[in-house]
Amino acid sequence: MPLFENQQIQIYNSLSGKKESFNPITKGSIGMYVCGPTVYSNVHLGNVRTFMSFDVIFRYLKHLGYKVRYVRNITDAGHLENDADVGEDRIAKKARIEEIEPMEVVQRYTVDFHNTLNTFNFLPPSIEPTATGHIIEQIELINTIIEKGFAYEVNGSVYFDVHKFNETHDYGKLSKRKLEDLIHNTRELEGQSDKKNPQDFALWKRAEPQHIMRWPSPWSDGFPGWHLECTAMSTKYLGEHFDIHGGGMDLKFPHHECEIAQNEAAKGQTPVNYWMHANMLIMNGKKMAKSTGNFILPNEIFSGDNANISKAFAPSVARFFMLQAHYRSILDFTNDGLLASEKGFYRLMDAVNLLEELKPSDTSTIDIDTWRQSCYDAMNDDFNSPILIANLFEAVKYINQIKEGDQTLTADDLSTLKTTVNSFTFDILGLENVTKNDSGTDKLSGAVEVLIKLRKEARANKDFALSDKIRDELVEVGIQLNDGKDGTTFSVN
Ligand SMILES: [Zn+2]
């Protein structure tokens with residue numbers, strides 16, 4: 001019997017604003033769509049946080065025995081600056097500045113995105129479709145929306161008629177906005193747009209002559225609006241009605257609101273049962289911004305090459321740190337937080353590595369089944385990873401007590417403890433079993449110490465040619481040996 005038969009998940013649904021019992025449309029199978037990155041720059045740590053939240057959700061659903069189809073797209077066209085319908089395409093702009101092809105920009109930053117996520121030990125999604133690979137589907141979708149009377153063409157561009165849609169549907173139901181308020185708060189200069197109303201959004205944009213990224217369509221040579229690709233790709237791979245749609249909080253409006261509108265206009269039904277949004281990541285209590293220096297790239301966490309952190313951190317330490325906040329809470333990225341998490345992480349790993357050494361007894365003094373269910377309860381409660389981690393630290397306490405002989409477990413209970421700790425630590429939280437000595441700096445020190453010892457032996461044997469060779473060749477790779485009264489030390493230049 002799959003685990004999900006006995007574990008009832010509650011999901012906070014952004015649409016209803018409350019936690020709801022999760023029941024998939026098809027028993028045992030789940031369709032999940034998450035808005036992926038726009039690949040025009042190195043992936044932002046805030047985006048990594050969002051994708052990590054859904055990586056853990058994906059891992060947990062799979063662990064429960066669900067068959068999960070997880071679709072996460074790559075936006076490689078159509079995303080204009082400021083998320084609006086005017087301005088330059090983000091990828092085309094980068095291509096112009098760097099004097100390369102837009103598809104070179106896409107390739108470079110898609111590779112960066114994958115490398116970063118691999119370093120953080122993400123599972124790949126089941127399907128990773130691209131916007132440019134689904135232009136035909138997007139054109140078909142626009143045709144349907146026009147046929148249903150919810151879109152209009154002006155000068156080769158096609159716009160979604162938000163006011164018309166709102167007469168029979170509820171535009172704003174996800175972000176809890178009212179069209180009247182949006183009208184009241186919009187300031188758009190007259191004559192700047194072909195739109196009937198400023199709230200309308202582009203489904204297709206006619207390309208200006210200088211716009212490189214363009215495709216033929218019934219209306220003009222142009223490109224699709226940003227919101228359209230997710231509607232086209234999610235329904236293509238998950239069906240017109242699917243279980244979970246996720247993304248960062250900032251996508252709720254207008255992006256996800258527009259997705260709902262496009263779907264309801266084209267297919268006559270709301271596409272998604274559970275909308276999930278991951279909260280923001282800030283740094284040192286403030287919004288991250290390159291201009292103020294309050295900023296870090298994911299790779300700089302691993303190299304330590306950033307003034308906001310005091311040292312390099314292993315990817316699993318950074319991952320552990322990020323999962324110590326619930327996905328719906330704001331995560332404050334700080335050096336102190338990372339240092340504290342590092343201590344906790346290695347304490348957990350030390351305990352995990354002790355598990356194999358523990359010996360069973362005839363009786364159990366700990367109720368392991370209750371503890372095990374508390375781990376599931378944490379994840380069943382809207383994927384509460386910080387509570388799960390607190391439960392894993394309960395297990396750290398048990399492991400150390402059993403090791404010391406202060407508590408005992410039967411063979412069966414010990415096996416449950418091992419399986420549960422390993423499943424939640426590695427399969428579900430996605431941490432990797434590294435110990436402190438695995439870090440690059442420690443390995444380097446170890447290797448140099450070996451060479452210092454060899455050099456000492458060479459000198460004792462009066463083999464000065466060899467001892468000088470060791471010293472000189474280390475200098476060539478940037479390592480300086482310093483002979484002193486108490487022996488030889490080294491410094492890295
Ligand atoms: Zn999207």
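Q: What do E1 and E2 form, and how many residues lie between them?
A: E1 and E2 form a hairpin with four residues between them, and Gly 17 in the turn has a positive phi of about 75°. Strands (E, at least two residues) and helices (H or I, at least four) are DSSP runs, numbered from the N terminus. This is a predicted model, in which local features need pLDDT of at least 70 and side-chain atom pairs count only at pLDDT 80 or more, while totals for chains, interfaces and linings use all residues. Residues are numbered from 1 along each chain as its sequence is written.

Q: How many bridges join E1 to E2, and do they run parallel or antiparallel?
A: Four bridges join E1 to strand E2 (residues 18-21), and the two run antiparallel; two strands count as paired if DSSP finds at least two bridges between them. Within E2, Ser 21 is the bridge partner of Gln 10.

Q: Which residues of E1 are on the covered face, and which on the uncovered one?
A: In strand E1 (residues 10-13), Ile 11 and Asn 13 make up the covered face, whereas Gln 10 and Tyr 12 are on the uncovered one. In a regular strand the side chains alternate between the two faces of the sheet.

Q: Switching to sheets, what is the strand order in the antiparallel one of four strands?
A: That open sheet has the order E5-E6-E7-E8, with antiparallel pairing. Strand E5 (151-154) and strand E8 (222-224) stand at the edges with a single partner strand each, so one side of each is left without a neighbour in the sheet. Neighbouring strands of this sheet are turned by 20° against each other on average, direction ignored, where axes are lines fitted to C-alpha atoms (for helices over the stretch in contact) and angles run from 0 to 180 degrees between N-to-C directions.

Q: And how many bridges join E6 to E7?
A: Three bridges join strand E6 (residues 157-160) to strand E7 (residues 201-206), and Val 158 stands opposite Trp 204 in E7.

Q: What is the order in the parallel sheet?
A: Four strands form that open sheet in the order E4-E3-E9-E10, with parallel pairing. Its edge strands, strand E4 (67-72) and strand E10 (272-278), each pair on one side only, and the twist averages 20° from one strand to the next. Six bridges join strand E3 (residues 29-34) to E4, and the bridge partner of Tyr 33 in E4 is Val 71.

Q: Which helix packs on that sheet?
A: Helix H7 (residues 226-238) packs on the sheet, touching E3, E4 and strand E9 (242-248), and its direction makes about 160° with that of E4.

Q: What about H1, how many of its residues are buried?
A: In H1, 17 of the 19 residues are buried, so this helix is largely enclosed by the rest of the structure. A residue is buried if 20 or more other C-beta atoms lie within 10 Å of its own, exposed if 12 or fewer, and partly exposed in between, with C-beta atoms placed from the backbone.

Q: How far apart are the end C-alpha atoms of H1, and what should the helix span?
A: The end C-alpha atoms of H1 (residues 45-63) are 26 Å apart, which agrees with the 27 Å that its 19 residues should span at 1.5 Å a residue; the expected span is 1.5 Å times one less than the number of residues. Just after H1, Gly 65 takes a positive phi of about 100°.

Q: How many residues are in the largest nonpolar core?
A: The largest nonpolar core has 116 residues, and those with the most contacts inside it are Ile 142, Ile 145, Ala 151, Phe 160 and Leu 203. Such a core is a set of buried Ala, Val, Leu, Ile, Met, Phe, Trp, Tyr and Cys residues joined through C-beta atoms within 7 Å. Its largest share, 10 residues, comes from H1.

Q: Where does this core lie, then?
A: Domain 1 (3-278) and domain 2 (282-436) both give residues to this core, so it lies between them; the domain bounds come from an automatic or database domain assignment.

How values were computed
Two residues are in contact if their C-beta atoms, placed from the backbone, lie within 7 Å.
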